[in-house]
Amino acid sequence: MANRSIDHAFTATSLTSAAGDPTFAGALSFMRRRFTKELAGVDVAVWGIPFDAATSNRPGTRFGPQAIRRASAIFDNDPQYPFNRELFAEMAVIDYGDCLLDYGNHQDTPAAIERQANAILDSGPFLLTLGGDHYVTWPLLKAHAAKHGPLALVQFDAHQDTWFDEDRRIDHGSFVARAVREGIIDPDRSIQIGIRTHAPEDCGVNILYGHQVEEMSASDIASAIISHTRGAPAYLTFDIDCLDPAFAPGTGTPVAGGPSSAKILSVLQRLHQLDIRGADVVEVSPPYDHADITAIAGATVAMYMLGLHAERRAIAVSQG
């Protein structure tokens with residue numbers, strides 16, 4: 001028991017310390033990271049946005065951050081597969097908790113998310129966000145573009161999210177159209193992977209449709225993403241409904257015919273060349289989940305995002 005711990009999210013004495021909590025017990029922060037609002041010395045802040053008022057079909061993604069945190073307890077802080085490194089040995093990662101929102105005044109939601117995201121980014125850490133429905137990516141993109149300039153969007157999704165709407169409308173199906181219209185993302189360097197629906201327009205964003213993803217290898221998909229973004233600063237957004245409902249039933253708008261979690265995780269593993277400036281995992285809806293299948297997939301995707309960030313940091317250190 002000498003190396004065991006409990007409630008590491010509150011009792012950790014170092015931001016780079018390993019946790020030893022039993023997977024079935026202890027405070028459920030993301031991957032047992034310390035819960036704190038202090039950002040000094042932090043490399044990555046994991047942040048939840050419990051919002052689902054923009055959902056067009058099944059609600060429930062306001063419980064997504066809780067579910068992803070709970071599912072992440074299965075990671076036991078050994079070197080994480082497939083990165084074969086202890087992610088937190090040299091990378092200070094915290095769980096920053098959740099975004100504070102007024103559930104009765106949704107028109108204030110985008111400004112509240114953007115304001116709180118700006119405060120985190122201004123302190124320097126990489127921001128990994130757990131949604132929430134896909135509307136939350138809109139204010140997140142605005143905050144990241146304010147710091148990094150126009151971004152290449154890398155979007156794993158079953159839907160294009162390019163439906164046009166009014167500026168004040170709260171809708172999870174239009175953030176890409178808005179971001180293109182306002183110059184927040186560069187459509188010529190943006191790409192969507194796994195699309196299995198049609199929208200009135202593509203806004204100039206390149207698309208790898210579901211049937212193409214089915215026929216391509218993971219290596220070819222990753223190469224297409226890296227080639228298309230051409231080294232631009234990128235934002236990575238992962239809608240869990242990119243996966244087939246067999247692998248992610250707990251989501252608001254599931255679409256049959258998608259890829260397996262194994263294939264898409266293999267794609268993510270190969271994206272270490274991307275200059276990712278921010279990332280999110282959205283649309284996990286626990287009320288429609290079974291045995292935490294979707295939450296586990298979401299937590300694993302988020303862990304891979306941390307793994308990619310750790311690899312880029314290691315490359316930067318090795319190059320001086």
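The model is predicted, so local features need pLDDT of at least 70 and side-chain atom pairs count only at pLDDT 80 or more, while totals for chains, interfaces and linings use all residues. Residues are numbered from 1 along each chain as its sequence is written, and side-chain values use heavy atoms, with hydrogens and water left out. Helices (H or I, at least four residues) and strands (E, at least two) are DSSP runs, numbered from the N terminus.

- Helix α2 is mostly covered, with 7 of its 9 residues buried, where buried means under 20% relative accessible area, exposed over 50%, and partly exposed in between (1.4 Å probe, protein chains only).
- The buried residues of α2 are Gly64, Pro65, Ala67, Ile68, Arg69, Ala71 and Ser72, and they pack against the strands β1 (34-35), β2 (44-49), β3 (93-98), β4 (126-131) and β9 as well as against α9.
- Arg70 also belongs to α2, which spans residues 64-72, but Arg70 counts as partly exposed because its relative accessibility is 37%.
- Not counting residues up to four places away in sequence, Arg70 touches Leu28 and Asp292, contact being defined as heavy atoms within 4.5 Å.
- Arg70 and Asp292 are 222 residues apart in sequence, with 9.1 Å from C-alpha to C-alpha, and their side chains are joined by a polar contact of 3.1 Å.
- A polar contact is a pair of N or O atoms within 3.5 Å; within protein, one must be able to donate a hydrogen and the other to accept it, and residues adjacent in sequence count only if both atoms are side-chain atoms.

**Glu311 in helix α9**

- Glu311 lies in α9, which runs over residues 293-318, and leaving aside neighbours within four places in sequence, Glu311 is in contact with Phe83, Arg85 and His272.
- Although buried, Glu311 has no salt bridge, and the nearest side chain of opposite charge, Arg85, is 4.9 Å away; a salt bridge would require a side-chain nitrogen of Lys or Arg within 4 Å of a carboxyl oxygen of Asp or Glu.

**The largest cavity**

- A search of the whole structure finds 1 cavity of 30 Å³ or more, a cavity being a set of points on a 1 Å grid over the protein atoms alone where a 1.4 Å probe fits but cannot get out.
- The volume of the largest cavity is about 40 Å³, and its lining (residues with an atom within 4 Å of a point) consists of Phe126, Leu236, Ile276, Ala279, Met305, Leu308, His309 and Arg312.
- The elements giving two or more residues to this lining are β9 (275-282) and α9, and α9 gives the most, with 4 residues.

Key
Lys and Arg count as positive and Asp and Glu as negative; His and the chain ends are not counted. On a 1 Å grid over the protein atoms alone, a cavity is a set of points where a 1.4 Å probe fits but cannot get out, and a pocket is an open set with protein on both sides within 12 Å along at least five of seven lines; lining residues have an atom within 4 Å of a point. Grid points are joined across faces, edges and corners, and a volume is the space filled by probe spheres set on the points.
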